[in-house]
Amino acid sequence: MKTVVLTGAGGSVGSFLRSTMPKHYHLRLSDINPITDLADNESFVAADVSDANAMLELTRNAYAVIHMGGISKESDWASLQAVNIAGVINLYEAARVNNVSRVIVPSSNHATGFYPRDQKLGNDVLLRPDSRYGVSKGFAELTGSLYADKYGIKTLAIRLGNVADKPVDRRRLSLWISPRDFQQQVTIGLEHPDLHFSVFFGVSANTRSWYDDDHARQLGYAPQDNAEDYAEAVIAATPEPDPDALSDQLQGGDFCTVEQGGGAVITRQ
Ligand code: 15L
C-alpha cells in the first residue's frame, strides 16, 4: 500500500480529500490539531509545517505528499514566511532527503488574482499575485519547479479556485471546483506517468471559468461538474457586482483591494 502524507488534513480542503481519496492508499494525516476519527486506511501524526525536523519524520517512507497545510488567506509577512514559505521549503527538503516520489503543492487563484475577469488565463501566464498570500503561493510553485528539475520530485501545483460542495457566490461561479473534480486532479498528480512539473488551475468545467484547462485535460482531467448548474440560485442570493469596484473587476476579488483588517490598499485611477 502506498503511503501518502496529507498535511493540513484537518482543514476544509484536507477534509474533502479524506472523503474522496481512493482507499488503496494509506493516508498519513497531519495537522497541528489532533484528528481522532480515523478510517482503517488512515493514521495521524501531529506536526507543524514550520518545523523542519517534524516534516522529516512525517515524510519517512512516504510515496507522496499532498501539502495542504498552511495559511489559506491574506496575512502578515512574518506569518506567511514562517508557515507558507518555510513550510514549503521544509516539506520539499524532507521529500528530497526521504526520496519521496511526488508532491502535490497547492497554489491558488490568488497567485494570478490581479488579472482582469475578462481575460482567460493559460497556465503559462506571468504570475500576478493579488496579496502577500498570493506571493507565498507563487513561491510554492517555483519551489516545486526547482525540486522537479533538480531532484526529480514529480510535482503538480494546483492553482486552487474554491473547493466546496457548491459555489457560494458569483465570483466562485468562475473558480469553483467540486470535491470529485479536485480528486481527479490529485489522482493525476499522484499517478500520471508523464508528470514532471505541471501547473493546473483547480476549477471544474465552469461555463464562466477564467482559465484555460487544456494542459490539465491533456493529462486526463475530465471534469464532471459545472458551477453553472447553481448559477440561478447564486445570482438570486448575492448582490449585483459593482462595475466601478476593482474587487469586482479583478479575478482575485477582495484580495486585490482589502488590507488585512480592512482598508483599500489601491485606489482606482
Ligand atoms: C484561496 O486561495 C483560499 O485558500 C480559499 O480559502 C478561498 O479564499 C479561495 O482562494 C477563493 O479565492 O475563493
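The shell around the ligand comprises two nonpolar, six polar and two charged residues; here Ala, Val, Leu, Ile, Met, Phe, Trp, Tyr, Cys and Pro count as nonpolar, Asp, Glu, Lys and Arg as charged, and the others, Gly among them, as polar. The model is predicted: local features need pLDDT of at least 70, side-chain atom pairs count only at pLDDT 80 or more, and totals for chains, interfaces and linings use all residues. Residues are numbered from 1 along each chain as its sequence is written, and side-chain values use heavy atoms, with hydrogens and water left out.

**Stop 1: the ligand**

Select Ser72, Ser108, Asn109, His110, Tyr133, Gly161, Asn162, Arg171, Arg172 and Leu175, the residues around the ligand (a residue is near a molecule if one of its heavy atoms lies within 4 Å of it).

Next, display the polar contacts (pairs of N or O atoms within 3.5 Å). A polar side-chain atom of Tyr133 is 2.7 Å from a ligand oxygen atom. For Arg171, a polar side-chain atom lies 2.9 Å from an oxygen atom of the ligand. The protein buries 80% of the 310 Å² that the ligand exposes when taken alone (accessible areas by the Shrake-Rupley method with a 1.4 Å probe).

**Stop 2: the largest cavity**

The structure holds two cavities of 30 Å³ or more. A cavity is a set of points, on a 1 Å grid over the protein atoms alone, where a 1.4 Å probe fits but cannot get out; lining residues have an atom within 4 Å of a point. A volume is the space filled by probe spheres set on the points, which are joined across faces, edges and corners.

The largest cavity has a volume of about 70 Å³. To outline it, select His67, Gly69, Val83, Asn84, Val88, Pro106, Ser136, Lys137 and Ala140. Helix 3 (77–97) and helix 4 (132–151) are the elements that give two or more residues to this lining (helices are DSSP runs of H or I with at least four residues, strands runs of E with at least two, numbered from the N terminus). The lining of the largest cavity divides into four nonpolar, four polar and one charged residue.

**Stop 3: the second largest cavity**

Finally, select Asn123, Val199, Phe200, Phe201, Asp212, Asp213, His215 and Ala216, which line the second largest cavity. About 30 Å³ of space lies there. Strand 9 (197–202) and helix 7 (214–218) each supply at least two lining residues, and strand 9 gives the most, with three. By class, this lining has four nonpolar, two polar and two charged residues.

Notes: Polar contact = N/O pair within 3.5 Å; in protein donor to acceptor, adjacent residues only side chain to side chain. 1 Å grid on protein atoms, 1.4 Å probe; cavity = no way out; pocket = protein on both sides within 12 Å on 5 of 7 lines; lining within 4 Å.
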